[in-house]
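Hi there,

Here is the structure I promised to pass on.

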Amino acid sequence: VNVVGGGALSVSVAGGWLQGGGLSAMTPTHGLGVDNVLAFDVVLADGSLVVADECSHPDLFWALRGGGGGTFGVVTKIHYRAHSNPTNSRYVACRVSFQSSDNTIRESMTDAWIDFMVDKSATGIDRRWGGYWNLLGSITFWFRGSMNDAETTLINDIKALKSSLSPDVKPSF
């Protein structure tokens, strides 16, 4: 079973991450965190406890799904939609790092990575991929499917990108 969640141990599932939208590595497959909330248990300013969902307190339910943590009440419980794993599916992790103290190498990799992602986005990245990347040298993706599908939909392209760059770029799968 999969539940959409944040990507760091310091991220709470009920606070600002979720109430700010809830971007996740599983967003391409299952939507944002807020798209997967069925109901919130909320303590309001007057001390009352209410359940906000599509039918009961729908305005509060809508507001909590993107209005920012703590703005409308204190969320004490969240009811999430759970997703089953397809048969014969697994997660394939792909991490690419490019630590280098040489700014020329870092700038070259950053430029190449942005060009690569723009080109891949234009042709469509398989929705089973999700993940995070930053400009400090860390790229982590997860793929929901077979290793063969992961290779043909993105990993082989990352390997081709690597072969065109400096040896300081180190992908691992």
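Arg-65 is partly exposed at a relative accessible area of 28%, where partly exposed is the range between buried (under 20%) and exposed (over 50%), with a 1.4 Å probe and protein chains only. Its side chain meets that of Asp-35 in a salt bridge (3.8 Å, N to O), that is, a side-chain nitrogen of Lys or Arg within 4 Å of a carboxyl oxygen of Asp or Glu. Arg-65 sits in the loop between helix 3 (58-64) and strand 3 (74-80) and Asp-35 in the loop between helix 2 (27-30) and strand 1 (37-43), so the pair ties together parts 30 residues apart in sequence. Helices (H or I, at least four residues) and strands (E, at least two) are DSSP runs, numbered from the N terminus.

A word on the source: this is a predicted model, with local features needing pLDDT of at least 70, side-chain atom pairs pLDDT 80 or more, and totals for chains, interfaces and linings using all residues. Residues are numbered from 1 along each chain as its sequence is written, and side-chain values use heavy atoms, leaving out hydrogens and water.

The structure has four salt bridges. Another one joins Asp-157 to Lys-120, with the closest N and O atoms 2.7 Å apart. That pair links helix 5 (residues 147-163) to helix 4, 37 residues apart. Lys-120 is buried at 13% relative accessibility, whereas Asp-157 is partly exposed at 30%.

Do also look at Asp-126, Arg-128 and Asp-149, which are linked in a salt-bridge network.

Best wishes
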